Amino acid sequence: MSNEALARQATERLARLAEERVDHRFKGLPADADGLTVAELAAQRRNLFRDGDGFTSPVLALSAERLEHNLALMETYTSRHGLAFAPHGKTSMAPQLFHRQIEHGAWGVTLAVPHQVRVARAFGVQRVFLANELVDAPALRWIAGELAADPEFRFVCYVDSVRGVELMDAALRGAARPVDVVVELGAGEAARTGVRTEAECAAVAEAVTAATTLRLVGVAGYEGEVPKADPERVRSYLRRLVALAAELDKGGRFEGVEEIVVSAGGSAWFDAVADVFAGIPELSAPVLKLLRSGAYVSHDDGHYRRLTPFARVPEEGALEPAFRLWAQVVSRPASGQAFANAGKRDAAYDLDLPAAQVVRRDGVERPATGVTVTGLSDQHTWLRTDPEADVEVGDWIGLGLSHPCTSFDKWQLIPVAEADGTVVDYIRTFF
């Protein structure tokens, strides 16, 4: 298939998301919308809070204004610091958001496992950075097929062992194009994946050089795994990463490449990445300084609100939490207790519990004063209500969530709502 045909197919698939029929698969959406296309439902501009419009609780919504703000802010930030940007797509697994990120200047999309790459490719993403080792033979053969079919497709993945290089080489024998790889430098003895020492990195790089099916194009790592992370420990690790790139380049390991990839960056330390990468020395080829932060797209009201680098450098701007989960109070069995009808099936809870933010009654919204989330059951939120709390059965309660990566994955079709609750779009996820 030609490049033009592939691009046309991807555009058509993205457009067909709006043609999908609304039905029982999608939580929280109006029952009377069954049979409408997503585009038809969006055109009706129904309101989350208007009884006649039919949204049911619990329902997760993305703020239209805050989503756009976050996309624009990271575009400006990465441009200002001379960084290329491949936001981690595992956060949302939403092709519509992938394309909005690319429209806002992203180089491509970072992903973690082969299935996610298949989703991205199905919707026309032309540059994929797989921030993981890949030794699955069927997946490697599929990647080789994608590279052969589309000369414009750029794919890069990690390697962190000679054995892994051998497995990749065996699976890729006969491939039309070599697979680009970067040596992953581990962030410490207690970290996750990645080569632990520079000597081992050299051995892995040598193995890649000897494998005709692979091409070494750079180095990468994840500073979020630095044990007992603090600014100096993180910067020290990132300086090791830069030094590794320089050492491998000095040894001729990147001979013939068009650009040398140096990549890092989660959502907690991208200020350190920007600082250290600004000091990358001149190498034998231009350097692609690739940042991979993904949680920014929705941000959150817990974990990343506390950790975001924008809190350390407020002059750079501020991300805004774009998620809110709306649930309804269904039980008030005691003066100090209430229960809402959202639970572990609906809300992220792996890092922090949701936070009660606002209460809506009869169209009036006010702060959730004296209301605290104390736990989650499968389908209930446990609420402690202090004496000053004004909460009744039937009230809607707006919950802030922590950790976007385990919020998106619980919802297949997410309303995008303006500040007054008017729904203007729907985001489809593929987990």
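Student: Is the crossing of helix 3 and helix 4 left-handed or right-handed?
Tutor: A word on the source: this is a predicted model. Helix 3 covers residues 64-80, and helix 4 covers residues 95-103. Their axes come within 9 Å of each other. The crossing of helix 3 and helix 4 is right-handed.

Student: Which residues of helix 3 and helix 4 make the contact?
Tutor: Take each helix in turn. From helix 3 come L67, E68, L71 and E75. From helix 4 come L97, R100, Q101 and E103.

Student: How do the residues of that contact divide into nonpolar, polar and charged?
Tutor: Look at the contact of helix 3 with helix 4 by class. One residue there is polar. The rest divide into three nonpolar and four charged.

Student: How are helix 3 and helix 4 set to each other?
Tutor: Start with the angle. The axes cross at roughly 40°. Angles under 35 degrees would count as roughly parallel, and 65 to 115 as roughly perpendicular. Helix 3 and helix 4 are therefore oblique.

Student: At what angle do helix 5 and helix 6 pack?
Tutor: Two packed helices are described by the angle between their axes and by the distance between the axes. Helix 5 is residues 114-122, and helix 6 is residues 137-149. Their axes lie 11 Å apart, and the angle is about 25°.

Student: How does helix 5 lie to helix 6?
Tutor: Use the angle of about 25°. Angles under 35 degrees count as roughly parallel. So helix 5 and helix 6 are roughly parallel.

Student: Which residues of helix 6 does helix 5 meet?
Tutor: Helix 5 passes helix 6 in a left-handed crossing. Helix 5 brings P114, V117, R118 and R121. In helix 6 these meet A139, W142, I143 and E146.

Student: How many residues of the contact of helix 5 with helix 6 are nonpolar?
Tutor: Sort the contact by class. No polar residues take part, and three are charged. The nonpolar residues number five.

Student: Which strand gives the most to the lining of the largest pocket?
Tutor: The largest pocket holds about 480 Å³ of space. Its lining has 28 residues, and H88, K90, A131, R192 and Y222 lie nearest the centre. By class, the lining has 11 nonpolar, 11 polar and six charged residues. With three residues, the most is given by strand 4 (residues 127-133).

Student: What is the volume of the largest cavity?
Tutor: The structure holds one cavity of 30 Å³ or more. Among the residues lining the largest cavity are F270, Y296, H299 and L319. The lining divides into five nonpolar, four polar and no charged residues. The volume of the largest cavity is about 40 Å³.

Student: Which residues does a cis peptide bond join?
Tutor: Look in the loop between helix 2 (38-43) and strand 1 (59-63), the place of P58. Omega of the cis bond is about 0°. The joined residues are S57 and P58.

Student: What is phi of D362?
Tutor: D362 sits in the loop between strand 12 (355-361) and strand 13 (364-367). Phi here is positive, in a residue other than glycine. The value for D362 is near 55°.

Conventions: Residues are numbered from 1 along each chain as its sequence is written. This is a predicted model: local features need pLDDT of at least 70, side-chain atom pairs count only at pLDDT 80 or more; totals for chains, interfaces and linings use all residues. Side-chain values use heavy atoms; hydrogens and water are left out. Axes are lines fitted to C-alpha atoms, for helices over the stretch in contact, and angles run from 0 to 180 degrees between N-to-C directions. Helices (H or I, at least four residues) and strands (E, at least two) are DSSP runs, numbered from the N terminus. Angles under 35 degrees count as roughly parallel, over 145 as roughly antiparallel, 65 to 115 as roughly perpendicular and the rest as oblique. A crossing is left-handed if the near helix is turned anticlockwise from the far one by less than a right angle, and right-handed if clockwise. Contact means heavy atoms within 4.5 Å. Ala, Val, Leu, Ile, Met, Phe, Trp, Tyr, Cys and Pro count as nonpolar, Asp, Glu, Lys and Arg as charged, and the others, Gly among them, as polar. On a 1 Å grid over the protein atoms alone, a cavity is a set of points where a 1.4 Å probe fits but cannot get out, and a pocket is an open set with protein on both sides within 12 Å along at least five of seven lines; lining residues have an atom within 4 Å of a point. Grid points are joined across faces, edges and corners, and a volume is the space filled by probe spheres set on the points.
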